[in-house]
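Biologist: Could you put the model up, so that I can ask about a few things in it?
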Amino acid sequence: MMAVAAERARGVPVELAGVRKAYGGHVVLAGIDLRVAPGELLAIVGQSGTGKSVLLRQIVGLERPDAGRITLGGIELGEYLALPPEDKPFRIAMVFQSAALLASLTVAENVGLRLRERGGHTPAEIAAITRRVLEQVELAGTEELFPGELSGGMRKRVAIARALAIDPELILYDEPTADLDPILTEQIGLLIARIRRLRGSTQIIVTHNLPLARAVADRIAVLAEGRIAECVTPAELAASRHPLTREFLRASALAG
Amino acid sequence: MAVEALGHAPRPPGVLTRLGASLLDGLQILGEATRLFFATVRAAAFVPADRQRVVVQMVRVGTDTLFIGALLSLFVGMVMVVQAADQVREVSQDILGPIVGLAMTKELGPVLMAFLLAGRAGSAMAAELGSMTVYDEINALRTMDIDPVRFLVMPRFVAATIALPVLVLYADFIGVWGGAAVVVADPAITLPVSTYFARMLEWVHFTDFVVGLVKGVVFGMVASILPCTFGLRTRGGTEGIAASTTAAVVWSFILILVFDFLIVRVTFALD
């Protein structure tokens, strides 16, 4: 298992077709069509409140869309979620905006949580995996600290280490650099790029940080008015003539 | 313009509308609590594997309640003797033992300890789970294929359900001895303490302890499942956590009293 974890993982494709989501009559996603290739790093950008995090929650299955179809690795999302964990053909990890580390557990316990709870690993294997992923996020030696003792950037990196510990084929990031200063933002960006280089997992990053998206993503999808306005490479984005994209680029430049 | 704006202003909901909304909300909470109860009972099959988490929660419940529970029971036993001695001064102080014994074992021990558990440990459960819900920790567990009911709710539920009957016995014991202390120390009471205990043993039967223990088990379930329900349905940041915690305690108190009444009715019907 550990040998497998050390190898380059294969990403899975993600497909969304006509995904709609509304809350009490307020339409947030008005029909999302999106295809992410295996191993691709896609950034979904858009202004605050455009439903980027909502979209991510549909993909990971925390919420179910009102309409539309989501397939991960060729499997319908509902079908995938219904599978017992041990029968799932691939693993998904999500890094939450708040990091979502369990406050009562140490860094090592947080990182090894899923491995411990789902069984199949000896304590020595879990300790070795934990050590390895913490080294990858440059947090070796923090195993015994509690989340409350870490800075915001460190908590984010522990959350990424927790995601890496299960060797996922698909990693979703919800605003990984929110509330971080430019230096920490750059560190997280470099880390995501390194994960991509070392692993090959499919990665979807939701962010309103355009420089981050440009720096790390293969393609950037602009979410506006409940739809994907366009999904282009970073180079194409700069030259885009799409009015919603232009508006977002203008707003981002003003912000920053 | 102002008049026009006033004309379009939505009218505040009437009393009946608000009452109906509260009723529906209450029914929804009860529904969620019932569903969580059954999910937790199913997850209780994993107690042997998760015993360490259960023990941790039992220690927390004990730490939260033992000292204050002792203090509460001691003074309740003492006050009961003082009050009852005055009431029965024209009759016989012989019944002081049975009064304290029966009141503590059948009613006050279970209800006091349940309120204490709901107020201390229950509020902590609601706040902790509420915070975990608001800050996506529960969602993080879900994305890791870890069942939050088994991981978080079940250990708290089992710990409270086991701990409360033990706390009830503890409260009975201390309350009875609190009463005995007043019997010994109060010059207005002429009853020998040996008679206090002898009469108590004549009147308090094993079934009275059983009723108290049954109440302890049921109240333990109520005082843990409701806080967990409120914790898991928390929305809206810090204010939401505070509102959930308060609501969890209030609802627990009310349902403890409702179940108390139901158990009393059933035991009287069975007698």
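Biologist: How do helix H8 and helix H9 of chain B pack, and at what angle?
Modeller: In this predicted model, H8 (residues 206–232) and H9 (residues 237–270) of chain B pack at an angle of about 155°, with their axes 9 Å apart. That makes H8(B) roughly antiparallel to H9(B), a term for angles over 145 degrees between N-to-C directions.

Biologist: Is the crossing left-handed or right-handed?
Modeller: H8(B) passes H9(B) in a right-handed crossing, that is, with the near helix turned clockwise from the far one by less than a right angle.

Biologist: And which residues make the contact?
Modeller: Taking contact as heavy atoms within 4.5 Å, the residues include B:Phe219, B:Val222 and B:Leu226 of H8(B), and B:Trp251, B:Leu255 and B:Phe259 of H9(B). The residues of this contact divide into 16 nonpolar, three polar and two charged, where Asp, Glu, Lys and Arg count as charged, Ala, Val, Leu, Ile, Met, Phe, Trp, Tyr, Cys and Pro as nonpolar, and the others as polar.

Biologist: Switching to chain A, how many helices and strands are there?
Modeller: Chain A has 11 helices and 10 strands, taken as DSSP runs of at least four residues (H or I) and at least two (E), respectively.

Biologist: What share of chain A is buried?
Modeller: Buried residues, those under 20% relative accessible area with a 1.4 Å probe, make up 54% of the 256 residues in chain A.

Biologist: Anything on numbering and confidence?
Modeller: Residues are numbered from 1 along each chain, and chains are lettered from A in the order in which they are written. Local features need pLDDT of at least 70, and side-chain atom pairs count only at pLDDT 80 or more, with hydrogens and water left out of side-chain values.

Definitions and conventions: Axes fitted to C-alpha atoms, helices over the stretch in contact; angles between N-to-C directions. Parallel < 35°, antiparallel > 145°, perpendicular 65-115°, else oblique. Buried < 20%, exposed > 50% of the residue type's maximum accessible area, 1.4 Å probe, protein only.
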